Amino acid sequence: MTLDLTGRVAVVTGASRGIGYFIAKELAAAGAHVIAVARTVGGLEELDDQIKAAGGQATLVPLDLADMAGIDRLGGAIHERWGKLDILVANAAVLGVISPIGHVEAKTFEKVMTINVTSTWRLIRSVDPLLRLSDAGRAILLSANSAHSARAFWAPYAASKAAVETMMRSWAHETESLPLRVNAADPGATRTAMRAQAMPGEDPATLPHPSEIAKRIVPLASPDLKETGLIFQAKHNRFVAYRQPE
């Protein structure tokens, strides 16, 4: 079934490249007006050209997500122009460094937490009232398997994604009686610049292209979606639930 998002308004962070770029394109192709947020103006302009060439609509927001007041202003601007928000895709993140935890510099750890965790909370705080005004608000927070595997040398990034998933679950519990559906999406290993930074010796041709992963994630924005508080594993195209420690 073709996804129809005509008339719906979507925010996508980290939209200038990688998975966020292609999620934004897919949402626009389905009829959503995409508010594309990223630091890189050139990438946003390229995205805008692609969306408009396909007959879609976008609003570009050059914003460093370390600018917390800027995130607050974004919510206010959305309310003033559209009066609601239908879809949030919190995709922007930084890797930090692959390193023994005792060797991670304080500024590196703080940047990972600021961009991956604090800005995600601030974004949720800014747009939660707007999503509640939608007849079918949808929130998709990008996560990663490392949040559960806690693999060696990945501590800052893994901890940040575990925090994002915990915020997602709490938010989902708070809103389960509303039309708002809140889920995390684990894209799995994908052919992105972040993956190349983390695994420089890996052959990128062995990994799925971000456009393929985006096509799997975008249906989580459907007004017909029932699931909430779960993780969507794009690699396996399925939702999985949480279990308490045993």
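How closely do the axes of α4 and α6 come, and at what angle do they cross? They come within 9 Å and cross at roughly 15 degrees. The model is predicted: local features need pLDDT of at least 70, side-chain atom pairs count only at pLDDT 80 or more, and totals for chains, interfaces and linings use all residues. Residues are numbered from 1 along each chain as its sequence is written, and side-chain values use heavy atoms, with hydrogens and water left out.

**The sheet**

- Eight strands form an open sheet with mixed pairing, in the order β3-β2-β1-β4-β5-β6-β7-β8; helices (H or I, at least four residues) and strands (E, at least two) are DSSP runs, numbered from the N terminus.
- The edges are held by β3 (57-62) and β8 (238-240), each with a single partner strand, so one side of each is left without a neighbour in the sheet.
- On average, neighbouring strands of this sheet are turned by 20 degrees against each other, direction ignored.
- Strands count as paired if DSSP finds at least two bridges between them.

**Strand β4 and its partners**

- Strand β1 (residues 9-13) and strand β4 (residues 87-90) run parallel and are joined by three bridges.
- Within that pairing, Val11 has Leu88 of β4 as its bridge partner, and Val12 has Val89.
- Strand β4 also pairs with strand β5 (residues 138-142), in the parallel sense and over four bridges; here the bridge partner of Ile87 is Arg138 of β5.
- In a regular strand the side chains alternate between the two faces of the sheet.
- In β4, Ile87 and Val89 point one way and Leu88 and Ala90 the other way, and all are buried (under 20% relative accessible area, with exposed over 50% and partly exposed in between; 1.4 Å probe, protein chains only).

- The angle between α4 and α6 makes α4 roughly parallel to α6 (angles under 35 degrees count as roughly parallel, over 145 as roughly antiparallel, 65 to 115 as roughly perpendicular and the rest as oblique).
- Axes are lines fitted to C-alpha atoms, for helices over the stretch in contact, and angles run from 0 to 180 degrees between N-to-C directions.
- Helix α4 passes α6 in a right-handed crossing, meaning that the near helix is turned clockwise from the far one by less than a right angle.
- Residues of α4 including Phe109, Trp121 and Leu131 meet residues of α6 including Tyr157, Met167 and Trp171, where contact means heavy atoms within 4.5 Å.
- This contact of α4 with α6 comprises 14 nonpolar, three polar and one charged residue (Ala, Val, Leu, Ile, Met, Phe, Trp, Tyr, Cys and Pro count as nonpolar, Asp, Glu, Lys and Arg as charged, and the others, Gly among them, as polar).
- Helix α3 (residues 68-82) and helix α4 (residues 106-132) have axes that come within 9 Å and cross at roughly 25 degrees; α3 and α4 are therefore roughly parallel to each other.
- The residues of the contact of α3 with α4 divide into seven nonpolar, six polar and three charged.
- Helix α2 (residues 41-53) lies across β2 (33-38) and β3, running at about 175 degrees to β3.

**Thr175**

- Thr175 lies in the loop between α6 (155-174) and β6 (181-186).
- Its relative accessibility is 0%, so Thr175 counts as buried.
- Not counting residues up to four places away in sequence, Thr175 touches Asp128, Arg132, Leu180, Arg181 and Val182.
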